[in-house]
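Please look over the sequence and the model before reading on.

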Amino acid sequence: MKKIQLTLFFLCCFLNLFSQKEVYFESNEEKAISISSYKSIETSIGSIVNSSGFTGGFTIGYFTETKIARFTSLIWGVKAINSIYRTYLIPTSNATFDTKYGFQIALLAEPRCYLNYKKRVLLQKTTQLNSAWFISMPLEISSSYIFSNEPFSPYIKTPINIGFRGVFNSNLLWECSGGLGVFSDFTTVTPIPDFKFKVAYTF
């Protein structure tokens with residue numbers, strides 16, 4: 001009899017302990033939290049990789065950010081790339097070169113996941129224009145230099161970046177990102193660093 005009583009006592013304690021355990025369920029308000037879709041005209045400065053190697057430049061383009069899940073989007077569009085590059089007058093010598101202006105056209109598709117958007121909403125921090133930390137994997141296909149004697153051929157670049165998006169006001173945003181990836185002219189593959197700072201006007 002005592003064994004049965006002890007068993008019932010510990011069973012009651014066990015059930016009481018678990019009945020007090022807090023169970024978290026996402027509220028309807030939290031389920032409604034999600035990023036938004038935007039169109040933008042943007043300009044950026046950052047790393048440029050092409051047939052002349054690794055350099056820097058600035059771009060201007062038109063992009064659409066389309067929400068595909070609560071905290072995931074796809075950014076796609078077209079941009080013009082402006083850069084300064086070197087052409088070597090004697091192919092076997094790095095000492096003799098000429099500096100030229102380069103112009104390229106590029107297409108971009110960038111899947112992106114916002115890492116702390118929900119937390120920023122709950123903490124009542126600014127989330128305008130999807131302001132939050134993000135991780136992304138942009139796929140960029142660009143032309144060779146258009147106004148040059150270089151044969152027309154495409155290049156592809158696909159880094160994995162982490163960055164942060166902030167806002168100046170309800171229409172103007174800024175972003176800073178960096179990461180590592182690969183660059184290919186469809187004959188060779190080269191590992192590259194990638195970094196970018198951009199400002200965009202949304203509508």
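## Second largest cavity

Strand 1 makes the greatest contribution to the lining of the second largest cavity, namely four residues. Strands, like helices, are DSSP runs numbered from the N terminus, a strand (E) having at least two residues and a helix (H or I) at least four. This is a predicted model, in which local features need pLDDT of at least 70 and side-chain atom pairs count only at pLDDT 80 or more, while totals for chains, interfaces and linings use all residues. Residues are numbered from 1 along each chain as its sequence is written, and side-chain values use heavy atoms, with hydrogens and water left out.

The second largest cavity holds about 90 Å³ of space. A cavity is a set of points, on a 1 Å grid over the protein atoms alone, where a 1.4 Å probe fits but cannot get out; lining residues have an atom within 4 Å of a point. Its volume is the space filled by probe spheres set on the points, with grid points joined across faces, edges and corners. The lining of this cavity has 13 residues, and S40, E42, E65, R165 and K198 lie nearest its centre. Strand 1, strand 2 and strand 9 each supply at least two of the lining residues. By class, the lining has five nonpolar, three polar and five charged residues. Here Ala, Val, Leu, Ile, Met, Phe, Trp, Tyr, Cys and Pro count as nonpolar, Asp, Glu, Lys and Arg as charged, and the others, Gly among them, as polar.

The structure holds eight salt bridges (a side-chain nitrogen of Lys or Arg within 4 Å of a carboxyl oxygen of Asp or Glu).

## Largest cavity

Five cavities of 30 Å³ or more are present in the structure. The largest has a volume of about 200 Å³. It is lined by 24 residues, of which K79, E140, K157, D194 and K196 are the closest to its centre. Strand 1 again gives the most to the lining, with five residues. The lining of the largest cavity is made of eight nonpolar, eight polar and eight charged residues.

Several strands each supply at least two residues of this lining, including strand 2 (53–69), strand 3 (72–88) and strand 4 (97–114).

## Pairing of the strands

Strands pair if DSSP finds at least two bridges between them. Strand 5 (residues 133–136) runs antiparallel to strand 7 (residues 155–167), and four bridges join them; S136 stands opposite N161 of strand 7. Strand 6 (residues 139–142) is also antiparallel to strand 7, with three bridges, and the bridge partner of S142 in strand 7 is Y155.

Strand 7 pairs with strand 8 (residues 172–184) in the antiparallel sense over twelve bridges, and the two form a hairpin with four residues between them. In this pairing P159 stands opposite G181, and I160 stands opposite L180. Strand 8 is in turn joined to strand 9 by 13 bridges, again antiparallel. G179 faces D194 of strand 9, and F183 faces T190. The hairpin of strand 8 and strand 9 has four residues between the strands, and in it F186 takes a positive phi near 70°.

## Nonpolar surface patch

Which residues make the nonpolar surface patch? I41, I60, Y62, V78, I105, L107, L139, I141, I146, F147, Y201 and F203 form this patch of about 1100 Å². Patch residues have over 30% relative accessible area and no salt bridge; like charges are joined within 9 Å, and nonpolar side chains (Val, Leu, Ile, Met, Phe, Trp, Tyr) within 5 Å. Accessible areas come from the Shrake-Rupley method with a 1.4 Å probe, and for residues only the protein chains shown count as cover.

Strand 2, strand 4 and strand 6 each supply at least two residues of the patch. I146 is placed in the loop between strand 6 and strand 7.

Conventions. On a 1 Å grid over the protein atoms alone, a cavity is a set of points where a 1.4 Å probe fits but cannot get out, and a pocket is an open set with protein on both sides within 12 Å along at least five of seven lines; lining residues have an atom within 4 Å of a point.
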